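Hello,

Here is the structure we talked about handing over. My notes on its cores and ring pairs follow below.

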Amino acid sequence: LVGLPNLCERTAFGHLEPGLQTGFCESTGGGWGTELVAHPSQLIDVPADLTDEQAVLIEPAACAVHAAQAVDDGEVVVLGAGTLGLLTIAAIDHLGRTQGRLIATARYPHQRKWAKALGADTVCEPAEVARAVRSRTNSWVVGNRLTSGADHVVDCVGSPDTLQQALDICAPGGVVHVVGMPGHTNLDLTGLWHRELRLQGCYAYTPDDFATAIDLVRERDLGRLVSATYPLGRYRDAIEHAANAGSRGAVKIAFDLRNPKERR
């Protein structure tokens, strides 16, 4: 679609092997390599005043900005405080989408600290979010579902549990934004029908999102979220660290290719 490369209809057709994004295509090289092939229109200049750690966060911050653009004013809940969840909290706050009415869930102490620092008004354990939303919106409870709820619920996890939770705490006529990466799942969609909820996917970004993402990364110094870096040769350690980032007190794990000797 014109102006919306994230919604390209031909990712599986043409002269190149199928690939969802630059860096995820067999024909053009991978994002975890020392180089890849990209069209000039796919490249974004990194401002000279940004550190490498800040630059690493521009692309995921663009995903967060894309999600935040779809959030209007009102009661907002962000489920999950991993890298994408924290960046989405920062983007929503940066864009002024909520005025002190953003609730976030976080499993670990360091995630709760970051969520508050980046703009969440209330941070709670995932199991306590329904209670927090109920208190804020004066809702009653019918089964597991609130009678009122949040105007926007942004699911940055994408698991069956968080998707169901999002539907249960979303206000009638509200929107559940699916930012995490769900797969096959079973959900009770009664509330979606009965309460006229909208279930909206949010994938990647558009070119316009990058300018805002760069401003966001710079103003909030989001390079601070890079918890550890690894040379490419230690990719197994990097993946293990990233897979267990929350329990290990980390946020973003990245490869460091600045030393030419470590590129081999």
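How many aromatic pairs does the structure hold? It holds 2. Rings of Phe, Tyr and Trp (its six-membered ring) pair if their centres lie within 6.5 Å; planes under 30 degrees apart are stacked, over 60 edge-to-face, and the rest tilted.

A word on the source. This is a predicted model, where local features need pLDDT of at least 70, side-chain atom pairs count only at pLDDT 80 or more, and totals for chains, interfaces and linings use all residues. Residues are numbered from 1 along each chain as its sequence is written, and side-chain values use heavy atoms, leaving out hydrogens and water.

Trp32 and Phe255 have ring centres 5.6 Å apart and planes at 75°, so they pair edge-to-face. Trp32 is exposed, at 56% relative accessibility. Phe255 is partly exposed, at 22%. (Buried is under 20% relative accessible area, exposed over 50%, partly exposed in between, with a 1.4 Å probe and protein chains only.)

Tyr205 and Phe210 have centres 4.9 Å apart and planes at 70°, so this pair is edge-to-face too. Tyr205 is buried at 16%, and Phe210 is buried at 12%.

Now the cores. A nonpolar core is a set of buried Ala, Val, Leu, Ile, Met, Phe, Trp, Tyr and Cys residues joined through side-chain atoms within 4.5 Å. The largest has 43 residues, and Leu86 and Ile89 have the most contacts inside it. A second, separate core of 18 residues includes Cys124, Val129, Val178 and Leu197.

Best wishes
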